[in-house]
Amino acid sequence: MSHKIQIFDTTLRDGEQVPGCQLATEEKVIIARELEALGVDVIEAGFPISSPGDFLSVVEISKAVKETIVCGLTRARKEDIDVAAEALHHAKYGRIHTGIGSSDIHIKHKFKSNREDVLEQAIWAVQYAKGKGYEVEFYAEDAGRADLAFLARMIEAVIAAGADVVNIPDTTGYCLPHLYGKRIQYLVENVKNIEKAIISVHCHNDLGLATANTLSGLINGARQAEVTLNGIGERAGNTALEEVAMAIQTHKDLDLYTNIKSERIYEISQLVAGLMRMPVQANKAIVGKNAFAHSSGIHQDGFLKHAENYEIINPADVGVPSSSIVLTARSGRAALKHRAELLGHHVEGEELNMLYENFLMVADEKKMVNDADLIALMASLPVLINK
Ligand code: KIV
Ligand code: ZN
């Protein structure tokens, strides 16, 4: 049986914590509407107590979004939960995301507390949030480094207190994929009431493993993935929505699916990059400028013979208009001939050899040969041939 994975997008909360990426409320509403059209299940719209701007954003997104769950973050504190509940007032479906540190490092050095007191606070926060009438998600911050037996105790206790979703964040991006997966498996096997809640995975990318860890968590029984567009977020970022959605779509053997309308991915990625003034790196998976660009001769030749030789995703499936063949000094005759044909010139034999020689000279000089360069080269062909 295929399992639905809920996509919880936190671009507007964890993503927006990136310095210099702050958005105005109207911009957040634009992104939230696009997220809903993209098919995400939950939008984390902000941390309402953190600032009047965040409060307002949660209010406006709650009004703007129609069917998607709108979520507000809180600490395990009364004032945070009160403010979040107020901000979510207009939401058709609202969720309070409350939680506390679960690792000994956080318990000792952040809360200056002990396991028992933190556990009590967690239970109280879930019960209090539940009393507000919304769905409640509990996050066990720094779960990636928490003592497993204690983490399991905490998760069992918050589910008993009413948590609908339990988030197991790898807050510091510390985990390795097989070990993060084992953490989720341990919770599935050792938390007695685990079937009463959905397990959520929330991974950071400090070791470049956020997507791998997220997938490992899903394979081991988690049913919600917390992600951001373009993988933006604190420090090295969060798990990228587009990577998880396309990994699941590409690997049908996982028997998982999401509601993401993948053909909308590229457009919303560009929108977020533009509004947040956070350009997407060229080699970023799925949405980077080079994600569907082929530049070496061997790859170009193979790609032109059959796209699947070098592409595992059809660019149209993520809304990228087409693959591109980049003409550089590494390109071969096949790519050059192909581009010339696209420009309306059929070249072969000696003519192609001549064009190729001249093309290489320009490519060495210019790094990338564009259509204008190629048109100029082809215009000079008869002169070159008659020399
Ligand atoms: O990384 C983290 O632990 C978080 C929590 C607040 C969910 O972002
Ligand atoms: Zn986070």
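A nonpolar surface patch of about 270 Å² is formed by Leu176, Leu179 and Leu207. A patch here consists of residues with over 30% relative accessible area and no salt bridge, in which like charges are joined within 9 Å and nonpolar side chains (Val, Leu, Ile, Met, Phe, Trp, Tyr) within 5 Å. This is a predicted model, in which local features need pLDDT of at least 70, side-chain atom pairs count only at pLDDT 80 or more, and totals for chains, interfaces and linings use all residues. Residues are numbered from 1 along each chain as its sequence is written, chains are lettered from A and ligands numbered from 1 in the order in which they are written, and side-chain values use heavy atoms, with hydrogens and water left out.

**Surface patch**

- Leu207 is placed in the loop between β8 and α8 (210-219); helices (H or I, at least four residues) and strands (E, at least two) are DSSP runs, numbered from the N terminus.
- Leu207 counts as exposed because its relative accessibility is 53%; buried means under 20% relative accessible area, exposed over 50%, and partly exposed in between (1.4 Å probe, protein chains only).

**Overall form**

- The protein chain contains 15 helices and twelve strands.
- The C-alpha trace of the protein chain spans about 90 × 40 × 40 Å along its principal axes.
- Of the 387 residues in the protein chain, 52% count as buried.
- The accessible surface of the protein chain amounts to about 17,300 Å², and 54% of this belongs to carbon and sulfur atoms; accessible areas come from the Shrake-Rupley method with a 1.4 Å probe, and for residues only the protein chains shown count as cover.
- Among contacts in the protein chain between residues at least 6 apart in sequence, 74% join residues at least 24 apart; contact means heavy atoms within 4.5 Å.

**Zinc site**

- Asp14 (OD), His202 (NE2) and His204 (NE2) coordinate the zinc ion (ligand 2) at 2.0 to 2.1 Å; donors are N, O and S atoms within 2.8 Å of the metal (3.2 Å for Na, K and Ca), and sites may look incomplete because water is not among the atoms.
- Along the chain, the donors of the zinc ion (ligand 2) follow the spacing D-x187-H-x1-H.
- Distant parts of the chain are linked here, with Asp14 in the loop between β2 (6-9) and α1 (25-38) and His202 in strand β8 (residues 198-203), 188 residues apart.
- Both Asp14 and His202 are buried.

**Salt bridges**

- The structure has 27 salt bridges, each being a side-chain nitrogen of Lys or Arg within 4 Å of a carboxyl oxygen of Asp or Glu.
- Glu141 and Lys110 form a salt bridge at 2.7 Å, N to O. Glu141 is in strand β6 (residues 135-141) and Lys110 in the loop between α4 (104-109) and α5 (115-130), so the pair ties together parts that are 31 residues apart in sequence.
- Glu141 counts as buried at 18% relative accessibility, whereas Lys110 is partly exposed at 44%.
- Arg115 and Asp147 form a salt bridge with their closest N and O atoms 3.9 Å apart. Arg115 lies in helix α5 and Asp147 in the loop between β6 and α6 (148-160), so parts that are 32 residues apart in sequence are tied together.
- Lys130 and Asp164 form a salt bridge in which the closest N and O atoms are 2.9 Å apart. This pair links distant parts of the chain, Lys130 being in helix α5 and Asp164 in the loop between α6 and β7 (165-170), 34 residues apart.
- A network of salt bridges links Arg13, Asp14 and Glu44.

**Cysteines**

- The whole structure contains zero disulfides, a disulfide being a pair of cysteine sulfur atoms within 2.5 Å.
- Cys71 is in no disulfide, and the nearest cysteine sulfur, that of Cys203, is 17 Å away.
- The closest cysteine sulfur to that of Cys203 is in Cys175, at 7.4 Å, which is too far for a bond.
- Cys71 counts as buried at 0% relative accessibility, and Cys203 is buried with a relative accessible area of 1%.

**Buried positions**

- Thr228 lies in the loop between β9 (224-227) and α9 (241-250) and is buried, with a relative accessible area of 0%.
- Not counting residues up to four places away in sequence, Thr228 touches residues including Asp9, Thr10, Gly15 and Asn238.
- Gly297, Gln300, Gly302 and Phe303 are buried in helix α11 (residues 297-305).
- The buried residues of α11 pack against β11 (293-294), β12 (324-325) and α12 (333-342).
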